[in-house]
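Hi there,

Here is the structure I promised to pass on. Have a look first, and my notes follow below.

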Amino acid sequence: MTSAPSTPNSAPSADTPEPDVYPPNPAFAAAANAQPSLYDDAARDRLAFWETQAERLHWHEKWSDVLDWSGAPVAKWFVGGKLNVAYNCVDRHVLEGNGERVAIEFEGEPGDTRTLTYNDLLAEVSRAANAFTDLGLVAGDRVAVYMPMIPEAIVTMLACARLGLTHSVVFGGFSAGALRSRIDDAEAKLVVTVDGQWRRGKPAPLKSAVDEAVDGAESVENVLVVRRTGIDVEWTEGRDLCWHDTVDPASPEHTAQPFDSEHPLFILYTSGTTGKPKGIVHTTGGYLTQVSYTHHNVFDYKPDDVYWCTADIGWVTGHSYIVYGPLSNGVTQVVYEGTPNSPDEHRHFQIIEKYGVSIYYTAPTMVRTFMKWGRAIPDAHDLSSIRLLGSVGEPINPEAWRWYRDVIGGGTAPIVDTWWQTETGAIMISPLPGVTTTKPGSAMAPLPGISAKIVDDDGKDVGNGGSGYLVLDEPWPSMLRGIWGDMDRYRDTYWSRYAEQGWYFAGDGAKFDEDGALWVMGRVDDVMNVSGHRISTAEVESALVGHSGVAEAAVVGATDDTTGQGIVAFVILRQGVENTGDPLIAELRSQVSTDISPIAKPREIHIVPELPKTRSGKIMRRLLRDVAEGRELGDTSTLVDPGVFEAIRKA
Ligand code: PRX
């Protein structure tokens, strides 16, 4: 069920009636990778345009057809083409004479550093590929990756890609239970992890969660462990392997084999509207083409840039804009392991200053956190190297946008507000720096080669000034190819809403302003967006009712100044269970943390006597959202018992 797009549930409201506009700086525009002709080229012949973009890559064998959409909604792009993703991200740069170029400037949370050139990366990826082969893994097998932001995580992903192994990266903040369900769903044979990760100056165990997760997991043959913190870990002989004894001694020579353009590259689980996460499947040729094209044009990457995307590889942004997009373009990038306030709030700015970061890509929630900390902190650093800023994961409110440009971007850096999803694989809607005149808070327009519409319930265009549902009306190269093991859910979730038209339903509300600029307003389904992380209301509800004292739970996302949305839960206790107040609430929050992840912990939990329901028994989340945000109640006419709110408000 969706709610009306005119009442978006996550966008902090625009704080100026008439948005100001920011035309590109002429000097930037003249040197920009993207030129206005890109739009014309794509409009003239969209498929030929994508063929040109695919030529950015090295293909062992060229494709015969650019697109086969006859099996819609499962596309085939660059049909019959063969390539190797790791070869494109690593070997190619070495072969072109750039082996001495720095690929990764790694900054550990404790302050340790490591520099990997493309030569180093090639040797490391080859060693890992040889070691994985010796473990008996063959193309098509799945590998789960449960690691913090250290170079070995990137090496592991690239080694999988090199061998045609399909990786499934699970965010290191997820619980053992969440890891287990993802391992089981993908039937992973190998799990790659670390002893522990550095978090706020302390080592936090990770291997112990893997031990719990793989206990009895039938598919898992080996657990490969990188030593990161040196903490003690339990060891299961025959199953557990030390990275340093397995990968380090392996040969640094390995010849990459080509794989079909449609070979599955990775599975990445994301929240949907039910309690069960969806394993989004991405393939090879189309994905790499679009992440490479967008990284080049949207971030305007040049050989002397230093790029930093602050995402974690556990999310799609880390896949597409730390690993595959940037490395396919031969970047030099910063990879930082820790939290932004460790040891203090200066850390990100110190890193920008130290490495001369010129392109910085983060989430609005980070910008709002910086705003809260105050501009004295960034002002204490020389940030003059910054020449472009990016935003992703949620709508950026105009106030944060302007602050970002003024304080971090020296009042001149263009901002690219990039809309996309785990499912889309790569950026879809964004300004092109040097081309687009931007408006704070607007993602502006679909990129050249991408087609999107905003439509009403019947699929009619809303036109300028109108709001509705965001749909993608043409297939695109990096589109998902399905949900792992559940193609019915794939069709149902994304393609049934506008089945007649054959459009992809993104689940976001959006509007065109009077000038035709596109504004994404937030989810219109039961998915919350907390600090740019997608969390389903159903998942949190199911964690709460997993507590023995809880009879029923309803969860909503309420607007939050810093995190975009905050999780607010309403809980009914079982008969006879005593409401002990704070201790019980603490128990419930930790239940969610253990079941899913600390990122899913509700901001507020209200113990209530009843929940508002329709006559058919459906919980009316819209009304709970009104309560959570302290608003006047909307239409209550379909409620069984309108008096229920008196009881909730008193609780
Ligand atoms: O609601 C949109 C929001 O994030 C959702 C996708 O989340 P996920 O798959 O986790 O990927 C996040 C990183 C790509 C979208 O449906 N979203 C993402 N970027 C923006 C955004 N909302 C508004 N503006 C954006 N730039």
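To start with the ligand: how far does a polar side-chain atom of D508 lie from an oxygen atom of the ligand? The separation is 2.6 Å, which falls under the polar contact cut-off (a pair of N or O atoms within 3.5 Å). The model is a predicted one, where local features need pLDDT of at least 70 and side-chain atom pairs count only at pLDDT 80 or more, while totals for chains, interfaces and linings use all residues. Residues are numbered from 1 along each chain as its sequence is written, and side-chain values use heavy atoms, with hydrogens and water left out.

Two further side chains reach ligand oxygen atoms: R534 places an N or O atom 2.7 Å from one, and Q421 has a polar atom 2.9 Å from one. Of the 540 Å² of accessible area that the ligand has on its own, the protein covers 96% (Shrake-Rupley method, 1.4 Å probe).

The shell holds 17 residues, the closest being D417, T422, D508, R523 and R534; a residue counts if one of its heavy atoms lies within 4 Å of the ligand. Six are nonpolar, six polar and five charged. At least two shell residues come from each of α11 (316-328), β20 (415-418) and β25 (518-523); these are DSSP runs, helices (H or I) of at least four residues and strands (E) of at least two.

On cysteines, the whole structure has zero disulfides (sulfur pairs within 2.5 Å). The sulfur nearest to that of C89 belongs to C160, 13 Å away.

Conventions
Polar contact = N/O pair within 3.5 Å; in protein donor to acceptor, adjacent residues only side chain to side chain. Nonpolar A, V, L, I, M, F, W, Y, C, P; charged D, E, K, R; others polar.
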